[in-house]
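Student: Could you walk me through the aromatic contacts here?
Tutor: Gladly; let us look at the model together.

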Amino acid sequence: MKGRSSSRISRRAWLVKAGGLAAAFVLGGTVNPFRLAALAAEADRVVIPGKEDLIVRSARPLNLEMPMGSLDSWITPASLHFVRNHYAVPMVASEHWRLQVDGMVNNPLTLALDELKLLPTVEAVVTLECAGNGRGFYDPKVPGTQWERGAVGTARYRGVRLADVLERAGVQKPGKHVLFDGADQPPVPTAPDFVRSIPLEKAMSPETLLAFEMNGQPLPAVHGFPLRVIVPGWVGSANVKWLARVSVLEREHDGHFMVKGYRIPRTPVAPGTTVDPQDMKVVAERDVKSVIARPSEGSIHKPGTVRVAGAAWAGEQEIERVEISTDFGRTWRPARLGADRARYAWRLWEFDWVAPERGAYVVMSRATDTLGRVQPIVPSWNPKGYLWNVIDQVRVRVDEGVS
Ligand SMILES: Nc1nc2c(c(=O)[nH]1)N[C@H]1C(S)=C(S)[C@@H](COP(=O)(O)O)O[C@H]1N2
Ligand SMILES: [Mo]
């Protein structure tokens, strides 16, 4: 027993070290164990060029959150777009890069970027949100990156339709799911590769893209250069980056990130319950949700008009309305929805709250989508902390004394 547990510890230590080496390589550092230890200790001070304004949730792998208070445009600049990586960012040279299309197809394809770009190009503004966004709010706490509001962002993507590529390859009758594999690699061969699949129906729908541009620029390395999948309305994990291979399968892929990760209970469970992965299903579409960007939690305001602002989104649906309550949920009044809109993009909203007199208040936002789905009042806890979409709330103070 003793021997077994110590060998487990050393294996873990090795895993950590291997991850560190990979990250040091990517960040361009020299491999110095003391420097690595210092980096780990000061993870929140690691600076990623162009992403300085984001909250560092972890440096290795790179997980960056948008501070929601900085939301002030419908399209999120790349500098503010969250980043969620499982492993080190692979540095892909586009001239050597090829997309492999195989599996249950009549004509397997190997496409260079230039060949792919010969297909009709399309543009779409799409909101991406990590399935774990809001995980930090679950009680009891669940392991994983403790995202709060900002593992979400909206960008204009340009690419080709996945359906056009699959049509060229000719999907065979039994093909029912489409697998995506990116060029990122686990730091040790025993760790699982990040591979995901989606049903053929969603893969063939015209909104599902293979994107090579984000906000008019080639995809930044951290967002999947040179090519990523965009699966509008679905959780972030479906949107595989650094895409290297697309493969048509007969059934859902059975890799780690399908059968262990990214699953939610089929039926609701009590908070803190351990659930067998077999009693869970793969997270796919996102739910209706709104978040408050301003005022910020704990802020103090003079009596008078306080501008409340935020964003709302709803998976494959559109936002019907956003309502605000400033009296602990007794009454709700409609927010103004921003003019900018796209089928799969968030809607910005605003509300002018006339703060009556001094006191401690809770500002709440509640979105409803075109299907009539409404944000819940209490969380539906799940073991991995996915799909947090409870009515958002921030505590503020109103006080004459502030200047
Ligand atoms: N190859 C690959 N693709 C990936 C990931 C990854 O780790 N590897 N992370 C996924 C997850 S969980 C999310 S939420 C989104 C995040 O996209 P972003 O970093 O561009 O915001 O990418 C997805 N695509
Ligand atoms: Mo994610």
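Tutor: A charge sits over a ring if NZ of Lys or CZ of Arg is within 6 Å of the ring centre and within 35 degrees of the ring normal. Here, the charged end of K117 sits over the ring of F212, 4.9 Å from its centre. R366 lies over the face of W332, 4.2 Å from the ring centre.

Student: What conventions apply?
Tutor: This is a predicted model, where local features need pLDDT of at least 70 and side-chain atom pairs pLDDT 80 or more, while totals for chains, interfaces and linings use all residues. Residues are numbered from 1 along each chain as its sequence is written, and side-chain values use heavy atoms, leaving out hydrogens and water.

Student: How many aromatic pairs does the structure hold?
Tutor: A pair of aromatic rings is described by the distance of the centres and the angle of the planes. Rings of Phe, Tyr and Trp (its six-membered ring) pair if their centres lie within 6.5 Å; planes under 30 degrees apart are stacked, over 60 edge-to-face, the rest tilted. The structure holds seven such pairs. One of them is F194 and F257, tilted, with 5.0 Å centre to centre and 55° between the planes.

Student: Are F194 and F257 buried or exposed?
Tutor: Buried means under 20% relative accessible area, exposed over 50%, partly exposed in between (1.4 Å probe, protein chains only). F194 is buried at 7%, and F257 is buried at 8%.

Student: What about W313 and W346?
Tutor: They form a tilted pair, 5.8 Å centre to centre with 50° between the planes. W313 is buried at 1% relative accessible area, and W346 is buried at 0%.

Technical notes
Chains lettered and ligands numbered in written order.
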